[in-house]
Amino acid sequence: MNKTLMTLGLYTVLSLLSATAIAESDADNGKILFDKADCQKCHSTDIFTKENSKITNLKELKDKVNVCDSQLSVNWFDDEVDDVVAYLNRDFYKLDEEKEKENLKQEESKN
């Protein structure tokens, strides 16, 4: 099988799993974790609502939260990262989880 197709398939599966995990996460707990970790010491929440945001899907948002988690040495568990992502998405990014899942399924069916 073509290496590119395998990579795309893996990315699609991981994205679907990520979107599903975030949908089942606790955004209220994510806010508590976000505040407790003092995430705003690096930036204000304005960065989450700027028009030219580089975050366009949940996987990118989760990747960014993981980077911040590492840089601040917060050491969240995976479910806590998902909670923070759910909070940021609910209150700021407002990425459409169902639409994202549908887009990923359509991409997968093309391949």
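The chain has five helices and zero strands, where helices (H or I, at least four residues) and strands (E, at least two) are DSSP runs numbered from the N terminus. This is a predicted model, so to speak of local features a pLDDT of at least 70 is needed, side-chain atom pairs count only at pLDDT 80 or more, and totals for chains, interfaces and linings use all residues. Residues are numbered from 1 along each chain as its sequence is written, and side-chain values use heavy atoms, with hydrogens and water left out. Read from the N terminus, the order of elements is α-α-α-α-α.

**Confidence**

- The mean pLDDT (the predictor's confidence in each residue, from 0 to 100) is 81 for the chain, and 71% of the residues score at least 70.
- Helix H2 (residues 27-36) comes out highest with a mean of 97, while helix H1 (residues 3-23) is lowest with a mean of 51.
- Take care with residues 13-20: pLDDT stays under 50 there, and the model gives that stretch 11 contacts beyond four places in sequence. Contact here means heavy atoms within 4.5 Å.

**Overall packing**

- Of the 111 residues in the chain, 36% are buried. Buried means under 20% relative accessible area, exposed means over 50%, and partly exposed is in between (1.4 Å probe, protein chains only).
- The chain's accessible surface is about 7,300 Å², and carbon and sulfur atoms account for 50% of that. These areas come from the Shrake-Rupley method with a 1.4 Å probe, and for residues only the protein chains shown count as cover.
- Looking at contacts with a separation of 6 or more, 79% are between residues 24 or more positions apart.

**The core and helix H4**

- The largest nonpolar core holds 20 residues, and those with the most contacts inside it are Phe34, Leu61, Val65, Trp76, Val84, Leu88 and Tyr93. Such a core is a set of buried Ala, Val, Leu, Ile, Met, Phe, Trp, Tyr and Cys residues joined through side-chain atoms within 4.5 Å.
- H2, helix H3 (58-72) and H4 are the elements that give two or more residues to this core, and H4 gives the most, with eight residues.
- H4 (residues 78-93) is mostly covered, with 12 of its 16 residues buried.
- Beyond its neighbours within four places in sequence, Tyr93 is in contact with Phe48, Ser53, Ile55, Leu61 and Leu88.

**Aromatic pairs**

- There are five aromatic pairs in the structure. Rings of Phe, Tyr and Trp (its six-membered ring) pair if their centres lie within 6.5 Å; planes under 30 degrees apart count as stacked, over 60 as edge-to-face and the rest as tilted.
- Phe34 and Phe48 make an edge-to-face pair, because their ring centres are 6.0 Å apart and their planes sit at 65°. The pair links distant parts of the chain, with Phe34 in helix H2 and Phe48 in the loop between H2 and H3, 14 residues apart. Both residues are buried.
- Phe34 also pairs with Tyr87: the centres are 5.4 Å apart and the planes at 55°, so this pair is tilted. Since Phe34 lies in helix H2 and Tyr87 in helix H4, the pair ties together parts 53 residues apart in sequence.
- One aromatic cluster takes in Phe34, Phe48, Tyr87, Phe92 and Tyr93.

**Cysteines**

- Counting a disulfide as a pair of cysteine sulfur atoms within 2.5 Å, the model has zero disulfides. Cys39 is in none, and its nearest cysteine sulfur, that of Cys68, is 6.8 Å away.
- Cys42 has its closest cysteine sulfur in Cys68 too, at 6.9 Å, which is too far for a bond.
- Cys39 counts as buried because its relative accessibility is 8%, while Cys42 counts as exposed because its value is 55%.
- Cys39 is found in the loop between H2 and H3. Leaving out residues up to four places away in sequence, Cys39 touches Phe34, Leu72 and Trp76.
- Cys39 and Asp69 are 30 residues apart in sequence, with their C-alpha atoms 9.1 Å apart in space.
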